[in-house]
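Subject: Structure for you to look at

Dear colleague,

I am passing on the structure that we spoke about, with some notes to read beside it. Please open it first and then go through the notes below.

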Amino acid sequence: MTTALSLDAVSRVHAGRNRGDGGLIALDSVSLTVPRGRFLAVMGGSGSGKSTLLRCAAGLERPTAGTVRIGDTELGRLKPAALTRLRRDRIGFVFQSLDLVSALDARENVALPLLLAGAPDDGRALAGLAAVGLADRAGDLPATLSGGQRQRVAIARALVTEPEVVFADEPTAALDPATAAEVLALLRRAVDEHGRTVVLVTHDPAAAGWADEAVFLERGRITARLDRPDAERARAMFRPVGRALAAVAR
Ligand SMILES: Nc1ncnc2c1ncn2[C@@H]1O[C@H](COP(=O)(O)OP(=O)(O)OP(=O)(O)O)[C@@H](O)[C@H]1O
């Protein structure tokens with residue numbers, strides 16, 4: 001088994017936002033191993049630390065303590081320029097906000113990571129668009145595409161460099177359930193057919209149903225894990241988490 005991503009006792013504390021005197025603990029000693037070719041869903045209520053976990057795992061934010069590895073590379077040992085290169089060459093991102101470049105057409109958006117890496121777009125961008133069913137929209141600007149189509153372009157862009165890990169942060173939050181399912185099916189296919197590794201942050205139990213494994217975060221800690229989650233089990237797992245959060249908020 002090859003490990004794509006591992007977190008070992010990763011904590012992230014935000015100074016000056018006290019919960020007690022120690023600052024706000026967004027992540028509290030989280031350990032996690034994601035084998036290559038696995039689809040992991042990270043679930044939890046608002047403020048439970050999902051985005052912080054993703055940002056630390058993807059090298060967008062430095063943990064306060066603990067180690068993060070992509071493959072064998074320990075992110076904490078990398079200088080900023082090397083970390084930027086690693087994010088560019090070995091990681092793919094899909095975010096909730098539709099962050100395509102509005103002045104570039106669909107194909108140019110997908111080709112962007114290749115250009116940034118100094119690689120020619122030798123047809124890979126168009127092939128990527130075809131793989132998400134959008135070859136016929138290659139020349140269209142993002143503003144002329146639907147929300148679901150834009151997210152499919154974003155997925156094609158995240159996959160075009162054949163990254164070791166794809167991180168997706170609530171990629172379906174703005175979509176209706178049917179369109180969301182189409183987008184999640186694409187991530188699933190990237191895992192099943194191309195051996196990609198996907199880490200999906202979501203608060204939607206239906207989305208977790210596409211994953212191989214789900215972990216549940218509560219106040220920065222992993223409090224439960226589910227193997228081969230289906231939406232029903234994920235929802236059931238969520239209820240106690242939701243109640244606990246409500247109790248904290250009172
Ligand atoms: N830059 C920051 N400075 C201070 N506190 C922060 C910062 N970023 C996040 N936090 C706090 O860390 C905790 C975890 O936030 P995070 O965004 O990871 O949660 P989340 O589970 O992704 O929430 P949501 O589902 O609402 O996006 C929250 O209490 C949040 O207020």
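This is a predicted model: local features need pLDDT of at least 70, side-chain atom pairs count only at pLDDT 80 or more; totals for chains, interfaces and linings use all residues.

Residues are numbered from 1 along each chain as its sequence is written. Helices (H or I, at least four residues) and strands (E, at least two) are DSSP runs, numbered from the N terminus.

I begin with strand β7, residues 165-169, where five of the five residues are buried, so that the strand is largely enclosed by the rest of the structure; a residue is called buried if 20 or more other C-beta atoms lie within 10 Å of its own, exposed if 12 or fewer, and partly exposed in between, with C-beta atoms placed from the backbone. Val165, Phe167 and Asp169 point one way from β7, whereas Val166 and Ala168 point the other way. In a regular strand the side chains alternate between the two faces of the sheet.

Strand β6 (residues 91-95) runs parallel to β7 and is joined to it by five bridges, with Asp169 of β7 as the bridge partner of Phe95. Strand β8 (residues 198-201) also pairs with β7 in the parallel sense, over four bridges, and there Phe167 stands opposite Val199. Two strands are taken to pair if DSSP finds at least two bridges between them.

Turning to the helices, the axes of α5 (residues 147-159) and α6 (residues 177-194) come within 9 Å and cross at roughly 15°, the axes being lines fitted to C-alpha atoms over the stretch in contact, with angles from 0 to 180 degrees between N-to-C directions. The two helices α5 and α6 are therefore roughly parallel to each other, a description used for angles under 35 degrees. Among the residues that make the contact are Ile155 and Leu159 of α5 and Val183 and Leu186 of α6, where contact means C-beta atoms, placed from the backbone, within 7 Å.

Glu162, in the loop between α5 and β7, has a positive phi of about 50° although it is not a glycine, and Glu162 is partly exposed. Arg219, in the loop between β9 (213-218) and β10 (221-227), has a positive phi near 45°, and Arg219 is partly exposed, with 19 other C-beta atoms within 10 Å.

With best wishes

Methods
Angles under 35 degrees count as roughly parallel, over 145 as roughly antiparallel, 65 to 115 as roughly perpendicular and the rest as oblique. Two residues are in contact if their C-beta atoms, placed from the backbone, lie within 7 Å.
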